[in-house]
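Hello,

Here is the structure we talked about handing over. Please open it first, then read the notes below beside it.

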Amino acid sequence: MKRHNFSAGPCILPGSVLQKASEAVINFDNGLSLLEISHRSKPFVDVMENARILALELLGLEGKGYKALFLQGGASTQFLMVAFNMLEKRASYLNTGTWSDNAIKQAKIYGDVFEVASSKEANYNYIPKGYDIPTDSDYFHCTSNNTIFGTQMKEFPNSSVPMVCDMSSDIFSREIDFSKFDLIYAGAQKNMGPAGATLVVVKEDVLGKVSRQIPSMMDYKAQISKGSMFNTPPVFAVYTSMLTLEWLKDLGGIAAIEKENNKKAQLIYSEIDLNPLFKGFSAKTDRSTMNATFTLTNGDLKETFETMVNEAGINGLSGHRSVGGYRASMYNALPLESVGVLVDVMSELERKA
Ligand code: PMP
């Protein structure tokens with residue numbers, strides 16, 4: 001039976017990408033597996049270079065002073081690496097969810113953190129607005145999409161301070177003026193590839209301003225100078241990310257996928273709003289196009305709904321434990337058809353109830 005994968009991450013990847021990635025595991029270069037050749041060999045160096053170029057090109061950042069890195073340690077390592085490289089005295093953070101909160105905790109190890117605003121009191125069901133960013137901040141950090149709560153920043157503040165954004169769960173999904181940001185990071189395992197690689201896009205001129213000594217593995221400048229190969233890179237994750245970025249470019253890039261993502265989001269949210277058996281979790285103006293969070297209005301229907309969901313081949317719909325209910329993650333590779341199947345189950349439940 002066809003599976004419809006709504007997993008929050010790791011998540012669905014394009015079928016053609018999985019096919020090519022699996023072929024490369026067996027035969028990538030003249031009978032050798034991608035996993036058994038040197039990362040310094042020309043075929044792999046070309047993969048890394050191509051992945052970097054594609055990332056900058058798709059984000060519209062080539063030739064603008066940015067470097068793209070593929071690092072390890074997940075987005076969680078970026079929580080501390082950003083602070084290590086950029087926090088001298090005080091940084092400002094917008095707290096919109098568990099991941100922002102984790103980033104704040106890590107930054108506090110290295111300096112003062114000023115929380116410009118937080119929606120913690122409402123279990124992060126909205127994005128705070130109208131806050132000021134102190135101009136003496138070393139940088140401002142925000143999370144563009146809150147994977148757990150299903151909220152997404154639709155606008156970003158204008159500020160004279162360097163802007164840093166965790167885009168782990170919506171990078172490459174919608175058009176944004178990416179040049180607004182001095183540093184963007186994202187774990188690969190949503191819109192890019194398998195877990196194991198983290199994309200960092202950084203404007204070189206914001207680096208080198210802190211007085212602390214930075215260990216080489218944590219130092220963006222050292223990583224840039226070694227072309228993301230200070231140590232052995234996660235070759236499979238980088239290769240698969242490159243394939244996904246090629247797939248996206250062939251589809252027409254971010255502008256094209258954004259249209260699809262908007263259709264998927266419209267379909268699920270209109271069902272959530274029209275069907276009395278369901279209630280959305282996040283504030284309507286801040287709803288994420290990537291992760292739709294919702295609950296049943298009548299808990300007695302839980303078992304029936306979940307049985308119907310399973311029978312329809314739907315996977316990964318459980319909400320995160322801090323929100324409960326359901327979360328439909330609709331990353332770039334999820335077809336509109338899968339959202340249609342979920343919406344059909346939701347309306348069928350209404351007919352049955
Ligand atoms: N930031 C966001 C927005 C996330 O969704 C996640 C993981 N789901 C993380 C950070 C942490 O990423 P990782 O597991 O790669 O450290």
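Start at Thr143, which stands opposite Asp166 of β8. The two strands involved are β5 (residues 140-143) and β8 (residues 163-166). They run parallel, and four bridges join them. One caution before going on: this is a predicted model.

**The seven-stranded sheet**

β5 and β8 belong to an open sheet of seven strands. Read across, the order is β2-β10-β9-β8-β5-β3-β4. The pairing is mixed. Which strands form the edges here? They are β2 (66-71) and β4 (112-118), and each pairs on one side only. On average, neighbouring strands of this sheet are turned by 20° against each other, with direction ignored.

Helix α3 (residues 74-86) lies across β3 (90-95), β5, β8, β9 (183-187) and β10 (198-203). It runs at about 155° to β9. Helix α4 (residues 98-107) lies across β3, β4, β5 and β8. The angle of α4 to β3 is about 165°.

**Around the ligand**

Which residues surround the ligand? They are Gly9, Gly74, Ala75, Ser76, Trp99, Thr143, Thr147, Asp166, Ser168, Ser169 and Gly187. By type, the shell divides into two nonpolar, eight polar and one charged.

One of the listed residues, Ala75, is found in helix α3.

**Two domains**

The protein chain is divided into domain 1 (15-251) and domain 2 (253-352). Their centres, taken over C-alpha atoms, are separated by 27 Å. How many residues does the contact take from each domain? Domain 1 gives 24 residues and domain 2 gives 24 residues. On the side of domain 1 that touches domain 2, the elements giving two or more residues are β7 (151-152) and α6 (235-251). Helix α6 gives the most, with three residues. The residues on this side of domain 1 divide into eight nonpolar, 10 polar and six charged.

The unreviewed UniProt entry also lists residues 5-339 as "domain: Aminotransferase class V". The end C-alpha atoms of that span lie 10 Å apart. The span is 33% helix and 17% strand.

**The three-stranded sheet**

Another open sheet has three strands, in the order β11-β12-β14. Its pairing is antiparallel. Why is one side of β11 (278-280) and of β14 (326-329) left without a neighbour in the sheet? Both stand at the edges, each with a single partner strand, so one side of each has no neighbour there. Neighbouring strands of this sheet are turned by 35° against each other on average, direction ignored.

Three bridges link β11 with strand β12 (residues 291-296) in the antiparallel sense. Phe278 has Leu296 of β12 as its bridge partner. Helix α7 (residues 253-274) packs on this sheet and touches β11, β12 and β14. The direction of α7 makes about 20° with that of β12.

**Two backbone details**

Check the peptide bond that joins Gly9 and Pro10. It is cis, with omega of about -5°. Pro10 lies in the loop between β1 (4-5) and α1 (15-26).

Then look at Tyr124. This residue has a positive phi of about 55°, although it is not a glycine. Tyr124 sits in the loop between β4 and β5.

Best regards

How values were computed
Residues numbered from 1 in each chain as written. Predicted model: local features only at pLDDT ≥ 70, side-chain atom pairs only at ≥ 80, totals over all residues. Domains from an automatic or database assignment. Contact = placed C-beta atoms within 7 Å. Nonpolar A, V, L, I, M, F, W, Y, C, P; charged D, E, K, R; others polar. Near = placed C-beta within 6 Å. Pairing = 2+ DSSP bridges. Axes fitted to C-alpha atoms, helices over the stretch in contact; angles between N-to-C directions. UniProt positions renumbered as here; feature names shortened; annotations may be inferred.
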